[in-house]
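Subject: Handover of a structure and findings

Dear colleague,

Please find below the structure that I am handing over to you. My findings follow directly after it.

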Amino acid sequence: MRIPLLYCAVAATLIVTGCSAAPTNTPATEQAPGYLAVTDESAPDGGTLELQMTVDNGAATGLDPQLADVATAWQLMSLVYETLVTVGPDFTIEPGLAESWDTPSPTRYVFHLRDDVTFSNGRAMTADDVTGSLNRLLESEGVWRTQIGPVEEVSTVDERTVEVTLSSPYEPFLAALANIPAAVLPMKEVADGSVDLARTMLGTGPFVVESHRQDVSWRFTAREDYWGAGKPAVDTVNIAITGQEQARMAALQNGNADLVMLGNVDAPQLLQGVRGTTVATQATTDFYYLMLNSNAPGGKFSDPRVRRAINIAMDRNAISASALGGLGKPTGATPAGLPGACDPAQLPSATAGLDQARQLLAEAGAENLTFELAVFSTEPAPAIAQVIQQNLARVGITVTIEQLDEGSWSGKVYGEVPATFDAALSWFAGYADAGMVGKWWNPEQAGFNAGFMKPNPELNSVIDAAISTADSAERTTALRELCTAVDEDAQMIPLVTRPALIGYRTDTLSPTLYATEGYGNVFRGVADFRLLTQ
Amino acid sequence: MRLFSWWLRRALSAVVTLFLVSILIFAASRLMPGGFAEVVLGPFASPEQKAEVSARYGLDQNILVQYWLWLTTALTGDFGISMISGEPVTTEFGLRLPVTAELTVAGFAAAICLGVPLGVYTAVRAGRGRTAAVGRLASGLGVSVPEFVLGSIVVFLFSRFALGLTVGGYVPLSEDPGQNLRSMVLPAAVLSVFVIAVTARTTRDAVLTVLVEPYITAAIARGESPWFIVTRHVLRNASIPVVTVLSTITAYLLGGAVIIEYLFNLPGVGSYIVQAVGRRDYAVVQAGVLLAAVVFIVLNTLTDAAAGALDPRFGTGSKARRSR
């Protein structure tokens, strides 16, 4: 009698497990224009917000915001640090620590600072902090030094005014200022050595760090003296670093977490029907791209015709549908979703047919091309690689997928100059201006790509035009030309955008979430989050 | 004197083994593709940044010099600093060791308290229809279902439905013993299933072997009670394979804890070392593997000593070895 019972228990478990994955609609609707969710202001203040994210800020450069180059670090640091300007839900630039700014000429920006801002040690922020921070960034080794643009001089005009002079017009300047690496730092304390920014976070933001255990947890406390409109709604923010997707989903379901970051594109379906939870699908400007190594052994991709043929064979809609649950958008080099971004359906590769791809391969003598595609093991990269493999099989190209852990992948792709891999899959943060990420197609500026990219002077001039053109109509044209030039160069082929999945408890949390993020900062609105139950 | 000689030989053997392990793990960690600077600083880092980080941690020195520095400092109990957190490796391990120890002790206790009685019971009741069948099925399932499968099912069921126990949300024992117990019951239970099954099967086989020995028949003929026969004759003679398997099980528990720690998001040593491998945090990997090697060597030595104490034929002297 007990044996049948055991069988029944096992069968019931399997049925329950299997049934839960039934496909349903993905909730990605906007609650207000530009917002997936808006905090209910009538909810009470106070309480402890429990968040979970996938990885900690694990950089060897420590906690220095100017050296932070990944969205995870930006997220964490945004609780403590703030920037002169910030990005609104529609990518307009909004006031931050600067209450306003003037642009007397395309190369001059004059920032008027708020007069009520203090660092968390109580000292008032000064214009010298702003000047010193920007000058420090310009002298740093951080990647944002490139994105901040051709800054010629930063000077303090008076106690509340700072002027920045550029050597040439640079349209993404304000967007670049809106990210954490350009945060205003406590330069007086940095100068006198009382603060080591690599080990301590001291900013003007709404929270202070109470404790941190590397790769385990963070605890932030709200500042009572925060300069913004009232102190943050919650008293404390706990962030648990939870590597396993399953554990994060479990924490969300059983109420141990109010909000979790999810990586599985099937998460909305897996959590469908779980009372009190929802998964918001935030569009981002981040996007996956395929690297074709122009320096590959045997010259497999040195012929542009081969690279163009591969680009033509890419079915971006199939990649999104099969590997990203339909949540990614096809994109060109200007990330889809950003103002002025080009239409990927109009690119030469999208309008050409597979016959043209086969013809290009034949002309290049590469009809039976075979190559290895290196991908890291984090989903959905392996799934994307499989779709690419199927895409290319249609034009007679055989792809062998080499799946590696992140460390091995990084070593293989960026470890040697010239690089020895054939092809690799990766993703870029798309940022908040359509021209910013285009810089990475110039290996002379983006040294990390020099191992596998050959400089293309024509492409470089198009990139420069896209970031220096101010007029709206002219800029749209310049960005379209950038997309076209990247499409034909095809050393790095943009594929689809990378969605962010945010699970949260609707019965305990009322968050504020943008519908689209440029800097991958889901925690952007944490100071406004309110708990529905204390 | 014979005993002293035995311990001396084992100690020397342990030192040589640890020395070889240290070479192996040092070489293996350096042969992993992708260096620390590349992995942790990421693709955007400039060559100057990578060089600075390499110099900071001595990774720019000759590999033999690096090994020698590490070995000599490790011998003083200093295993270096984690290149990720900047904290001493011993401090990091000290924070995480209680979690793994708690899991391992719970699994070991379950193996002894449940596995051994279950094995004895199913052996004594062997051949009596349903009990034996249930015992075989249960131990068969316990051995064959991998932890990640069982753990995934448990995580799913206990997070989806309010079944009274919590998944995740680890609280240190020192902070709140009650909450700690609540958060550790499920991981410990999942980790224990395999070891209980293996212990039960081993005990059952050992007991069955002993039960057909002539001295058991003689004891029955003398009219001794079943309880007396089991406790005085069977258990002692069946204990050597059980002791051996318990040693193996402890090693298994340390390995299994890695998966459980990941599944239930427990900040233990196992998941920490795996994470360190991914990030090429060499000092942590080297110290972790060396620590594991020490644990295994100590366990094996203690097992051999225990086996010798239980049965002189497995003893420590030269005669004992000849008699095997």
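Throughout this message, helices and strands are DSSP runs numbered from the N terminus, where a helix (H or I) has at least four residues and a strand (E) at least two. In these terms, A:P418 lies in the chain A loop that runs between α14 (406-414) and β17 (423-428). Please note that the model is predicted.

Backbone geometry

The peptide bond that leads from A:V417 into A:P418 is cis, with omega near 0°.

A:D215, in the loop between β9 (207-213) and β10 (217-222) of chain A, has a phi near 65°, which is positive although the residue is not a glycine. A:A490, also not a glycine, has a positive phi of about 55°; this residue is placed in the loop between α16 (472-489) and β18 (492-497) of chain A. For context, most residues other than glycine have a negative phi, and most peptide bonds are trans.

Are these two residues buried or exposed? The cut-off for a buried residue is 20 or more other C-beta atoms within 10 Å of its own. A:D215 has 23 such atoms within 10 Å and is therefore buried. A:A490 also has 23 other C-beta atoms within 10 Å, so that A:A490 too is buried.

Nonpolar cores

The largest nonpolar core contains 216 residues, and those with the most contacts inside it are A:L373, A:L482 and A:I502. Helix α8 (residues 177-211) of chain B gives the most to this core, contributing 15 residues. Leaving aside residues up to four places away in sequence, A:I502 touches A:L259, A:M261, A:V279, A:A280, A:Q282, A:L513 and A:V522. There is also a second, separate core of 21 residues, including B:M83, B:V89, B:V269 and B:I273.

A four-stranded sheet in chain A

An open sheet of 4 strands in chain A has the order β5-β6-β8-β7, with antiparallel pairing. From one strand to the next, the twist averages 20°. The pairing of β7(A) with β8 (residues 161-166) of chain A is antiparallel and extends over 6 bridges; A:V151 stands opposite A:L166 of β8(A). Helix α3 (residues 127-139) of chain A packs on the sheet and touches β6 (108-113), β7 and β8 of chain A. The direction of this helix makes about 170° with that of β7(A).

The contact between chains A and B

Where the two chains meet, 40 residues of chain B are in contact with 37 residues of chain A. On the chain B side, the elements giving two or more residues are α2 (36-41), α3 (47-56), α6 (130-144), α7 (147-160), α10 (226-263) and α11 (269-279) of chain B. Of these, α7(B) gives the most, with 7 residues. By class, the side of chain B that touches chain A has 21 nonpolar, 14 polar and 5 charged residues.

With kind regards

Key
Residues numbered from 1 in each chain as written. Chains lettered and ligands numbered in written order. Predicted model: local features only at pLDDT ≥ 70, side-chain atom pairs only at ≥ 80, totals over all residues. Core = buried A, V, L, I, M, F, W, Y, C linked by C-beta atoms within 7 Å. Buried ≥ 20, exposed ≤ 12 C-beta atoms within 10 Å, placed from the backbone. Contact = placed C-beta atoms within 7 Å. Pairing = 2+ DSSP bridges. Axes fitted to C-alpha atoms, helices over the stretch in contact; angles between N-to-C directions. Nonpolar A, V, L, I, M, F, W, Y, C, P; charged D, E, K, R; others polar.
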